[in-house]
Amino acid sequence: MTNEALGEGRPGTKGRAGWTREQASRIERTDDTVAPIVYPPATEQIPEVHIWDTWFLRNRDGTLATVDGYRVCFSLTAPSDLLPGKRHDVATIRCFYSDDGRNWHNAGPVFEDALGQRQWAGSALYDDDGSVYLFYTAAGEEGADDLTYTQRIVGAGGGSIDTADGFVLSGPWTHHELLQPDGDRYEREDQSRGMIYTFRDPWFFEDPETGETWLLFEANTPVPEGSDVCGGDAALQEFNGSVGVARSPTGDPLEWDLEDPLLDAVGVNQELERPHIVYRDGLYYLFISSHLHTFAPGLEGFDALYGFVAEDLRGDYVPLNESGLVATNPENAPFQSYSWMAFPHDDEVLVQSFFNYYDFDGDTLDEIAHLSESDQMRRFGGSLGPTLRLDVEGSRTRIIGNLGHWHIPLDGETLPLTDRELIRRGKG
Ligand code: FRU
C-alpha cells in the first residue's frame with residue numbers, strides 16, 4: 001500500500017505532526033536501541049509494594065527538584081501480593097524520597113480523597129513558592145459499583161513538604177477536574193471503535209523559549225466510521241493514538257484550555273503513553289512509551305520508548321533514529337521494562353522505567369496471563385529498573401550504558417565513565 005492510500009497528507013491534518021506508517025515500518029532492534037538485560041535488584045531495594053509508572057517532582061523549568069537534599073518521586077502502587085495484571089484496577093499514588101538518589105523510602109499514599117476509582121499516571125510540580133501540585137488521571141467514576149474505564153485529568157493543589165524532622169509531604173489537597181475529552185480534537189469513551197480509549201497521563205511543561213505553560217497527555221484522535229482516513233481502512237482507523245496538549249493562559253497549574261494535539265499516529269498506534277518533553281540544544285524531544293500490541297495491523301513494534309524531535313513545541317516532529325525507536329528490551333526479554341521517562345543530566349539524557357516481566361520471552365504480554373499465578377508473581381519486577389544513559393545528537397540517540405536500579409543521580413553528581421570512555425582512556 002502506498003503512503004497516499006494510507007492517508008498521509010490527509011485533509012485536516014495539515015500543520016499537525018504525525019507518526020507515519022512508513023516511519024514506523026523502519027522500527028528494528030539495533031545495538032544503539034536495545035537496553036541490557038535486567039536482573040532483579042538486591043532484596044533491600046525492593047519496595048514493600050509493587051510499583052510501576054513513576055515520575056519525579058520537577059521544577060517549573062523541567063529539572064528534577066531537590067528539596068532540602070531530597071529527591072522525590074511518585075509511583076503507581078499496588079499490594080505486592082496482588083496478581084500483577086490486576087494492579088491497574090487498584091492503583092494508588094505513593095510518594096518516595098531519597099537523600100542519595102539510590103536508596104528510596106516510602107512516604108506512603110499521597111491522597112485520602114483522590115478522584116476516580118483508582119489513580120493512573122501523571123506528573124508533579126514543585127512550584128517556585130515551594131508548593132507541590134500533582135497531576136494525575138482519575139480512572140473510573142468514584143461511587144460506581146463496577147470498575148469503569150472513564151479517564152479524566154485531575155490536578156491536586158495544596159501540597160507542601162516539611163523536612164524539619166525527616167521527610168513529610170502533606171496537604172490538605174484540593175482536587176480539581178482539569179480536562180475531559182471534547183469529542184472533536186480528543187476522542188471520548190463512546191466514540192472509541194477498537195481498544196479502550198485513552199485520555200490520561202498529564203505532564204506539566206513550561207516552554208523555555210516562550211515561557212508558555214503546557215500540559216501534555218495521552219489521547220486519541222476521533223476517526224468517525226466511514227471516514228476516508230487511512231484509505232478508508234476501518235481496521236487501521238481503530239489505531240488512533242495522539243499526544244494531546246492543553247495550555248494554561250496564565251501559567252496557573254490548575255487552569256487549562258484544550259488545544260490541538262502535538263502529534264498523532266492514526267493508522268499507526270493506539271497508545272502514545274506518558275508523553276513528555278526534554279528540551280536540549282534548542283530542540284524539543286518528545287518521548288512516549290508504547291506497546292507491541294498497540295501497533296496497527298501490518299506494523300511490528302516493541303514495548304519501547306519512542307521519540308520525536310522538532311525545533312518548536314508545535315513543530316513538525318521528526319522521528320528519532322528515522323523510525324521513532326529510542327530504547328527497547330532485548331528480544332529474549334521483550335517485556336522486562338516499560339513506562340520510560342527521560343530527563344536531562346549534564347550532557348546526557350537519562351531514562352528511568354519500571355522493571356516489568358522478566359525471565360519471560362513470550363511473543364505477547366497476553367501470554368503472561370496464561371502462566372500459573374505463582375509464575376506470574378515470580379516474573380513481575382514491580383520496582384524501578386536500572387536507569388539508562390542516552391547520548392542524544394540531533395535526531396540520533398544511542399544507549400551508552402546504565403546506572404543501578406532506581407539510581408537517579410543528584411544534581412551535579414558525576415556519572416561513572418561509560419564503556420566507550422574507558423576504552424578511549426586506555427588508548428590515551
Ligand atoms: C502505562 C499506563 C499508563 C497508565 C497506567 C495505568 O504503564 O498504561 O498510561 O496511566 O499504566 O496503570
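**Cavity, rings and sheet**

Strand E20 (337-345) and strand E23 (386-393) each supply at least two residues of the lining of the largest cavity. Helices (H or I, at least four residues) and strands (E, at least two) are DSSP runs, numbered from the N terminus. This is a predicted model, where local features need pLDDT of at least 70, side-chain atom pairs count only at pLDDT 80 or more, and totals for chains, interfaces and linings use all residues. Residues are numbered from 1 along each chain as its sequence is written, and side-chain values use heavy atoms, with hydrogens and water left out.

Q: What makes Ser 337 and Trp 340 part of the lining of the largest cavity?
A: A cavity is a set of points, on a 1 Å grid over the protein atoms alone, where a 1.4 Å probe fits but cannot get out, and lining residues have an atom within 4 Å of a point. Ser 337 and Trp 340 are among the residues that line the largest cavity, so each has an atom within 4 Å of one of its points.

Q: How many nonpolar, polar and charged residues does the lining have?
A: The lining has 6 nonpolar, 4 polar and no charged residues. Here Ala, Val, Leu, Ile, Met, Phe, Trp, Tyr, Cys and Pro count as nonpolar, Asp, Glu, Lys and Arg as charged, and the others, Gly among them, as polar.

Q: Why is the pair of Phe 295 and Tyr 306 called edge-to-face?
A: Rings of Phe, Tyr and Trp (its six-membered ring) pair if their centres lie within 6.5 Å; planes under 30 degrees apart count as stacked, over 60 as edge-to-face and the rest as tilted. The centres of Phe 295 and Tyr 306 are 5.7 Å apart and their planes stand at 65°, so the pair is edge-to-face.

Q: What makes the pair of Phe 335 and Phe 360 tilted?
A: Its planes are at 40°, with 6.1 Å centre to centre, so the pair falls into the rest, the tilted class. Phe 335 and Phe 360 are both buried (under 20% relative accessible area, with exposed over 50% and partly exposed in between, using a 1.4 Å probe and protein chains only).

Q: How do you know that Arg 87 sits over the ring of Trp 52?
A: A charge sits over a ring if NZ of Lys or CZ of Arg is within 6 Å of the ring centre and within 35 degrees of the ring normal. The charged end of Arg 87 is 4.9 Å from the centre of the Trp 52 ring.

Q: Why are E1 and E11 called edge strands?
A: Two strands pair if DSSP finds at least two bridges between them. Strand E1 (17-18) and strand E11 (200-206) each pair on one side only.

How values were computed: 1 Å grid on protein atoms, 1.4 Å probe; cavity = no way out; pocket = protein on both sides within 12 Å on 5 of 7 lines; lining within 4 Å.
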